[in-house]
Amino acid sequence: MGDEDWEAEIIKPHISSYVPVFEKDRYSSGANGDTFNRTPASSSEMGDGSSRRDHFMRSGFASGRSLGNRDPGESNKRENTSTVGGFGVGKSFGNRGFSNNKFEEGDSSGFWRESSIDCEDNQTRNRGFSKRGGYQDGNDSEALGSSRRGGRGSFRGCRGGFGRGSPNSDYEQDEGTQRSGGIFGSRRSALSGAGNGDTFQSRSGGGSGRGGYKGLNEEVITGSGKNSWKSEAEGGESGDTQGPKVTYIPPPPPEDEDSIFAHYQTGINFDKYDTILVEVSGHDPPPAILTFEEANLCQTLNNNIAKAGYTKLTPVQKYSIPIIQGGRDLMACAQTGSGKTAAFLLPILAHMMRDGITASRFKELQEPECIIVAPTRELINQIYLEARKFSFGTCVRAVVTYGGTQLGHSIRQIVQGCNILCATPGRLMDVIGKEKIGLRQVKYLVLDEADRMLDMGFGPEMKKLISCPGMPSKEQRQTLMFSATFPEEIQRLAGEFLKSNYLFVAVGQVGGACRDVQQTILQVGQYSKREKLVEILRNIGDERTMVFVETKKKADFIATFLCQEKISTTSIHGDREQREREQALGDFRCGKCPVLVATSVAARGLDIENVQHVINFDLPSTIDEYVHRIGRTGRCGNTGRAISFFDLESDSQLAQPLVKVLSDAQQDVPAWLEEIAFSTYGPGFSGNARGNVFASVDTRKNYHGKSSLNTAGFSSTQAPNPVDDESWD
Ligand SMILES: Nc1ncnc2c1ncn2[C@@H]1O[C@H](COP(=O)(O)OP(=O)(O)OP(=O)(O)O)[C@@H](O)[C@H]1O
């Protein structure tokens, strides 16, 4: 049987529990996409003894009431009162997560039916659906009193972003008024926004409830690998007649220090970082530093580092900080979760402070000293929040801008002052095109997830950026590149951006997986995956789990399926509006939805506390993406688990690199996987990859000149995965 065509197998939903993006248009209507009565939610009370931070976390996600997984008797009783057949009848419960989708209390009659032979029959599935429990909402007093019993009730609620809960919930004010809480968290519940806590009216996006509308700024990578851009600068948001405007304004980040410096603890393996081999290649590298004191940072920075809970440097920081302070260009490879963000932020900020940077003030054209780019909106916002954290109490002003948000809002943040601009490529080119950002003063150009930024997806945009008028040449600026993976072909491409005497830092098993992640590979056919997924999730319970799938449609499908199985789930992918993406991430961060179904848009960089498990429902097509995905757990010395479903029919090309990554990370390699790897690669394949300590090596050392680049200037191995239909900012 060929690949499952998820849409072909989806029959028209009989009842909306979670209306996926591609169905959204059909069910959402009105300005707020709300077509059903809302049930007032209970607002959370501080008096529940929860900590301030916890409260903030919850209040930031205050949402409509949800049906809790109360005792079965009650839920049955509840269902008896509210269960009515048919669509759109019965109570709808405001809640979070899937935007403009409604959870209808009601007796479902088969929501999805697949033609495939192995799916449960509809009757089975319905039972789960109609016996919906509900995730115990963090704001529900019951939940606060006891441990969060919510378990995996069906995820109640699917309201676009905010204001879908009770009239007096935080989000009700969302429409056009300042919100007390917000949802888009950085690592720890802080919120997105821009500037140093500037407050502004957060107007809702006037959610047209539109279906899978892409933000104007979404790049769509066509099969040919060419970017087809719809950037706002090209007449997107500004009066463009094509498609509705992007009007979403992210909530401003919190200004209290608790939130700004909220952090999670390093794990038991943090000290093991010291045992990791580090290789530095290039001429005349400065010696590594061992302590923050040796970095000779200013007092304010040291205070902020201490407030952030940092006491020891990680290996990538020990080597990167002196290199950057020494003015050298750097390509740094270190495993996921090992502190690469601070490795570039701290020396840049130290340099700005030492240079006595002039506080950036209001003017139409801002000329930041530092530009940081990353491949996804959520990641660039996370980096911005780190920059804001470390620059707290200084005159350095960091600003973030990314697609899916109102361009005017971005511009308003920028013109107020901008020393460090964190941006996704599309939006960056927009604000440059609108002459709100000048490049003449750029001293630092930072590419996080650099191999992704240089591949066929973003490479052309990055080339445009360094060719922009005013951008200092690579000799006049410092260019810094960071990633956990750095394939050789991409390293060669990086040469165009870096001074020839750049330094290459390889920390440990670079390009390989973090050893703190226990990796399990299961052979699961595509029609058995859902059953296996539910089995695993039921065993996992409420621990935060990211489930990666290959396509956006599948993300919606699986999220819906899990909700029907009473597993509180949300999803993030490029077809969801930014408000929904941030809502989903917020619900996942605070544990309201312990399961996040994601496409590759969430594979890199996201640093979310307590992600205990990563499940590759679909394996990615490249081993690098696998390494990044499983790196969402096991961060900063903490341990985590990754379980991957290996489908013989579609994943055999990954067997060999998988065996290498597993053995490099000292994981058990299933014999069946080795056999597949061997049969796929024949005698040339050596199962034991232990010999090669550095999976990524400095290509300058063994470059033989011949490049395997294709006509577009990229190696075929680096072309974005054709199956990956994700759209990137
Ligand atoms: N020296 C340190 N001490 C304690 N915690 C740290 C230190 N450096 C970084 N961290 C924390 O470790 C976590 C991971 O850091 P970061 O996100 O920068 O990792 P990364 O290497 O960029 O990961 P990825 O490759 O996934 O992007 C963050 O929560 C960060 O605050």
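1. Residues 687–695 of this predicted model keep a pLDDT under 50, and the model has 26 contacts beyond four places in sequence for them. The stretch 25–241 likewise stays under 50 in pLDDT, and for it the model has 667 such contacts beyond four places in sequence. Where pLDDT is low, the predicted coordinates should not be read in detail.

2. For the protein as a whole, the average pLDDT is 73, and 60% of the residues reach at least 70. The scores of the model are ipTM 1.00 and pTM 0.71.

3. Strand β5 (residues 278–281) is joined to β12 by four bridges and runs antiparallel, with E279 partnered by A506. Strand β6 (residues 330–333) is also joined to β12 by four bridges, but runs parallel; here M331 stands opposite F504.

4. Strand β16 (residues 595–598) is buried on both sides: V595 and V597 point one way, L596 and A598 the other. Four bridges link β16 to the parallel strand β14, residues 544–548, and another four link β16 to the parallel strand β15, residues 569–572. L596 is the bridge partner of M546 and also of T570.

5. Together with helix α18 (residues 578–589), the two strands make a right-handed β-α-β unit.

6. Which residues touch the most other members of the largest nonpolar core? They are I372 and Y626, in a core of 85 residues. Helix α9 (residues 340–354) gives the most to this core, namely nine residues. Domain 1 (255–505) and domain 2 (515–678) each supply at least three residues to this core.

7. The surroundings of Y626 can be listed. Leaving aside residues up to four places away in sequence, Y626 touches Q519, I521, N616, L619, P620, S644, L658, V661 and L662. A second, separate core has 41 residues, including M471, F486, L493 and L498. In soluble globular proteins, nonpolar side chains tend to be buried together.

Notes: Residues numbered from 1 in each chain as written. Predicted model: local features only at pLDDT ≥ 70, side-chain atom pairs only at ≥ 80, totals over all residues. Heavy atoms only, no water. Buried < 20%, exposed > 50% of the residue type's maximum accessible area, 1.4 Å probe, protein only. Pairing = 2+ DSSP bridges. Right-handed = clockwise from strand over helix to strand, strands pointing away. pLDDT = per-residue confidence, 0-100. Contact = heavy atoms within 4.5 Å. Core = buried A, V, L, I, M, F, W, Y, C linked by side-chain atoms within 4.5 Å. Domains from an automatic or database assignment.
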